[in-house]
Amino acid sequence: MSKIVPTLAQLYCNFFGHDFKVSKTVTNHIHEYQCARCRMEMTDTANGFLARLTPKFKETNDYLAQIHKKRRQRNYASVS
């Protein structure tokens, strides 16, 4: 069984903490984040916490982004 050796960036983040930057805005309240050092990806959850960006969260965020985009277009068209 092989051991997974953490990278220097992962060790740095484990010791000092992550440096998350917004990588994608899904809606006004939901964002995807990526650590500038180790590239770990996180997202906002329904209860306001951060969770790892799993394929399921990625799929959910993509679907929410489509809904949000359609609503913005519909609201903008009705105002104009």
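Here is a walk through the sheet of this structure and the salt bridges around it.

What you have above is a predicted model, so a few ground rules apply: local features need pLDDT of at least 70, side-chain atom pairs count only at pLDDT 80 or more, and totals for chains, interfaces and linings use all residues. Residues are numbered from 1 along each chain as its sequence is written, and side-chain values use heavy atoms, with hydrogens and water left out.

Let's start with the sheet. Four strands make up an open sheet, in the order β1-β2-β3-β4, and their pairing is antiparallel. Because β1 (20-25) and β4 (50-52) stand at the edges with a single partner strand each, one side of each has no neighbour in the sheet. Neighbouring strands here are turned by 35 degrees against each other on average, direction ignored. For that angle, axes are lines fitted to C-alpha atoms, for helices over the stretch in contact, and angles run from 0 to 180 degrees between N-to-C directions.

Helices (H or I, at least four residues) and strands (E, at least two) are DSSP runs, numbered from the N terminus. Two strands count as a pair if DSSP finds at least two bridges between them. In general, strands of a sheet pair through backbone hydrogen bonds, either parallel or antiparallel.

Now follow the strands one by one. β1 and β2 run antiparallel and are joined by five bridges; in one of these pairings, F20 has C35 in β2 as its bridge partner. To get from β1 to β2, the chain goes through a hairpin of five residues.

Strand β2 (residues 31-35) is mostly covered, with four of its five residues buried. Buried means under 20% relative accessible area, exposed means over 50%, and partly exposed is in between (1.4 Å probe, protein chains only). On to the next neighbour: three bridges join β2 to β3, again running antiparallel. Here Y33 has M42 in β3 as its bridge partner, and E32 stands opposite T43 in β3. The hairpin of β2 and β3 has five residues between the strands, and in it R39 takes a positive phi near 70 degrees.

Strand β3 (residues 41-44) is joined to β4 by three bridges, and these two run antiparallel. M42 turns up again at this point, standing opposite R52 in β4. The hairpin of β3 and β4 also has five residues between the strands, and G48 in it takes a positive phi near 90 degrees.

So which salt bridges does the structure hold? There are three, where a salt bridge is a side-chain nitrogen of Lys or Arg within 4 Å of a carboxyl oxygen of Asp or Glu. One of them links D19 and K21, whose closest N and O atoms are 3.6 Å apart. D19 is partly exposed at 26% relative accessibility, and K21 is partly exposed too, at 47%.

Another links D62 and K24, with the closest N and O atoms 2.8 Å apart. Because D62 lies in helix α2 (residues 55-79) and K24 in strand β1, this pair ties together parts that are 38 residues apart in sequence. Both ends are partly exposed: D62 at 32% and K24 at 28%.

The remaining pair is E32 and K58, with the closest N and O atoms 3.4 Å apart. E32 lies in strand β2 and K58 in helix α2, so parts 26 residues apart in sequence are tied together. E32 is buried, with a relative accessible area of 3%, whereas K58 is partly exposed at 33%.
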